[in-house]
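Dear colleague,

I am handing over the structure below, and I would be glad if you could look through it before reading my notes. What I found follows directly after it.

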Amino acid sequence: MPKRGLSRLGCSDFRMTLSWGEKNLAGAPFNIVTHAYDGTAAGQKLRHHDDMVKFRGELRTMNLAARNHLGFNPIIGEQVYPIRIPERPHAASMPALAH
């Protein structure tokens with residue numbers, strides 16, 4: 001019965017598959033400790049993507065408020081609380097993302 005694990009691979013094969021000594025790179029261009037995006041193009045792309053997610057969430061909030069007559073007083077017929085349309089994030093500062 002063959003043994004499982006390291007003995008089946010052999011020591012030299014096992015050493016070749018490990019990535020010892022390689023640089024420790026982050027999985028995303030974002031620092032979770034400082035809450036800052038990297039200055040690279042990938043970091044700027046992630047920042048724009050996150051800003052677009054927030055923008056779409058604000059649009060959904062505004063859409064639901066408008067559909068449910070939030071801020072409108074039907075007795076006096078006036079808009080009591082104004083509904084603010086959010087501003088779309090711009091990608092003009094990043095030439096790779098400009099459409």
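The secondary structure of the protein, which is a predicted model, consists of 3 helices and 4 strands, and from the N terminus on these elements follow one another in the order α-α-β-β-α-β-β. Of the 99 residues in the protein, 14% are buried, while the accessible surface amounts to about 9000 Å², with 59% of that area belonging to carbon and sulfur atoms.

One residue I looked at in some detail is phenylalanine 72, which belongs to strand E3, spanning residues 72-73. Phenylalanine 72 has a relative accessible area of 38% and therefore counts as partly exposed, since that class lies between the 20% limit for buried and the 50% limit for exposed residues. When its neighbours within four places in sequence are left aside, phenylalanine 72 is in contact with Gly77, Glu78, Gln79 and Val80. Its C-alpha atom is separated by 9.7 Å from that of isoleucine 83, which comes 11 residues apart from it along the chain.

Isoleucine 75 sits in the loop between E3 and strand E4, the latter covering 78-79. With a relative accessible area of 78%, isoleucine 75 is exposed, and together with Ile76, Val80 and Tyr81 it makes a nonpolar surface patch of about 480 Å².

How values were computed:
Residues numbered from 1 in each chain as written. Predicted model: local features only at pLDDT ≥ 70, side-chain atom pairs only at ≥ 80, totals over all residues. Heavy atoms only, no water. Helix = DSSP H or I, 4+ residues; strand = E, 2+ residues; numbered from the N terminus. Buried < 20%, exposed > 50% of the residue type's maximum accessible area, 1.4 Å probe, protein only. Areas by Shrake-Rupley, 256 points an atom, 1.4 Å probe, with all protein chains shown as cover. Contact = heavy atoms within 4.5 Å. Patch = residues over 30% accessible without salt bridge, like charges linked within 9 Å, V, L, I, M, F, W, Y side chains within 5 Å. Salt bridge = Lys/Arg side-chain N within 4 Å of Asp/Glu carboxyl O.
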